Amino acid sequence: MSEPDAASAGGKPAPSNLVMRVLAALVLAPLTIAIAYAGGWLWALLVTLVSIGLFAEWLMVVGAGSTALTGAGTIVIAMMGAAVAFGGLKTSVIVGLVGGAVVTLIARGKFVWAATGFAYAAAALLASILVRKDLVNGFSALMFVLLVVWATDIGGYFAGRSIGGPKLWPRVSPKKTWAGAFGGFAASLAVAAGFAACGIGKLVPLLLVSAVLSVVSALGDLFESAVKRRFGVKDSSHLIPGHGGLMDRLDGFVAAILVAWIIGFLRHGVHSAGSGLMVW
């Protein structure tokens with residue numbers, strides 16, 4: 001995610017900000033896990049609301065947050081979420097394609113950025129719901145992705161803070177370091193080892209999958225940083241205390257869950273993507 005960058009440079013964030021980050025995480029992480037465990041319409045509702053928030057923040061970042069555009073995107077994403085939650089994947093895709101075209105037309109001069117933001121939010125929506133909908137391994141797959149992303153962030157935060165050193169890509173994200181990147185990568189492998197030790201999946205395939213998802217998560221973080229830098233924005237919003245906005249908090253997850261679903265889909269099909277990710 002974007003906020004841990006301060007530590008990746010070896011600098012120390014203000015204690016009050018760090019406390020806010022920890023407190024927010026202590027509330028949001030268990031709540032997310034509980035809703036993910038419940039699954040069904042409750043998880044779909046959370047994902048839909050978050051995806052709407054992602055789209056709204058994206059529009060604000062790129063300077064296209066008009067009422068008409070935000071409203072149209074909100075309606076389309078809500079319809080997509082409702083459709084896929086109750087088994088209408090084809091309907092959801094059709095609504096997304098038609099609605100995405102409408103959103104793009106409304107955006108006019110910002111149509112490329114609006115279309116990209118809509119695709120970003122819609123991909124997060126569909127992948128997050130479809131991975132969890134696997135009745136056999138949906139929850140374990142979703143938790144695997146979440147923990148890999150969180151481990152990448154946290155490992156990068158503390159490795160960057162304690163080691164510092166050369167910058168990863170100063171032009172895009174001047175506070176990230178190579179030490180932070182390798183620290184996050186190593187932490188993600190520990191997640192895979194933990195799952196295998198608990199009998200959830202085989203060690204070598206999970207290590208490979210976690211490696212891919214960790215790198216993808218870091219690239220998602222850099223992508224969001226590049227977009228914000230392009231438009232001179234520091235935080236996508238101030239919705240989450242100490243963390244910024246939804247984009248700041250979920251940039252790595254959006255990329256990772258999409259790639260996780262693709263891997264699962266290619267192996268076991270649309271409705272068993274969780275098993276495709278975890279069973280080798």
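# Helix ends, salt bridges and a surface patch

Helix α8 is followed by Gly 199, whose phi is positive, near 80°. This is a predicted model, in which local features need pLDDT of at least 70, side-chain atom pairs count only at pLDDT 80 or more, and totals for chains, interfaces and linings use all residues. Residues are numbered from 1 along each chain as its sequence is written, and side-chain values use heavy atoms, with hydrogens and water left out.

## Helix α8

Helices (H or I, at least four residues) and strands (E, at least two) are DSSP runs numbered from the N terminus. Helix α8 covers residues 178-197, 20 residues in total.

Much of the interest here is in burial. Buried means under 20% relative accessible area, exposed over 50%, and partly exposed in between (1.4 Å probe, protein chains only). The buried residues of α8 include Ala 179, Gly 180, Gly 183 and Gly 184. Ser 188, Val 191, Ala 192, Phe 195 and Ala 196 are buried as well. What covers these residues? The cover includes helices α7 (138-163), α9 (203-230) and α11 (273-278), along with strand β2 (173-177). Contact here means heavy atoms within 4.5 Å.

## Helix α7

Helix α7 has 26 residues. From its first C-alpha to its last it reaches 37 Å, close to the 38 Å expected at 1.5 Å a residue. Just after α7, Gly 164 takes a positive phi of about 70°.

Ser 162 lies in α7. Is Ser 162 buried or exposed? Its relative accessibility is 59%, so Ser 162 counts as exposed. Its side chain reaches the backbone oxygen of Phe 158 at 2.8 Å. A polar atom of the Ser 162 side chain also lies 3.4 Å from the backbone oxygen of Ala 159. Both are polar contacts: pairs of N or O atoms within 3.5 Å, where within protein one atom must be able to donate a hydrogen and the other to accept it, and residues adjacent in sequence count only if both atoms are side-chain atoms. An α-helix has 3.6 residues a turn, so residues three or four places apart point the same way.

The C-alpha atoms of Ser 162 and Ala 179 are separated by 9.0 Å, and the two residues are 17 apart along the chain.

Phe 158 is in helix α7 too. Phe 158 is partly exposed, with a relative accessible area of 48%. Trp 113 is 45 residues away from Phe 158 along the chain, and their C-alpha atoms are separated by 34 Å.

## Salt bridges

A salt bridge is a side-chain nitrogen of Lys or Arg within 4 Å of a carboxyl oxygen of Asp or Glu. How many salt bridges are there by this rule? The count comes to five. Side chains of opposite charge can pair when their charged atoms come close. Three of these bridges are listed here.

| Salt bridge | N to O distance |
|---|---|
| Arg 249 and Asp 153 | 3.4 Å |
| Glu 224 and Lys 228 | 3.7 Å |
| Lys 234 and Asp 235 | 3.8 Å |

Arg 249 forms its salt bridge with Asp 153. Arg 249 lies in helix α10 and Asp 153 in helix α7, so the pair ties together parts that are 96 residues apart in sequence. Helix α10 spans residues 246-268. Arg 249 is buried, with a relative accessible area of 19%. Asp 153 is buried too. The side chains of Arg 249 and Asp 153 are also joined by a polar contact of 3.4 Å.

Glu 224 and Lys 228 are four residues apart in helix α9, so about one helical turn separates them. Glu 224 is buried at 1% relative accessible area. Lys 228 counts as buried at 5%.

Lys 234 and Asp 235 form another bridge. Lys 234 is exposed, with a relative accessible area of 64%. Asp 235 counts as buried at 17%. Salt bridges that share partners join Glu 224, Lys 228 and Asp 248 into one network.

## Surface patch

Val 93, Ile 94, Leu 97, Val 98, Val 102 and Ile 106 form a nonpolar patch on the surface. Together these residues have about 520 Å² of accessible area, from the Shrake-Rupley method with a 1.4 Å probe, where for residues only the protein chains shown count as cover. Patches are made of residues with over 30% relative accessible area and no salt bridge; like charges are joined within 9 Å, and nonpolar side chains (Val, Leu, Ile, Met, Phe, Trp, Tyr) within 5 Å. Val 102 lies in helix α5 (residues 89-107). At 42% relative accessibility, Val 102 counts as partly exposed.

Note on methods
The expected span of a helix is 1.5 Å times one less than its number of residues.
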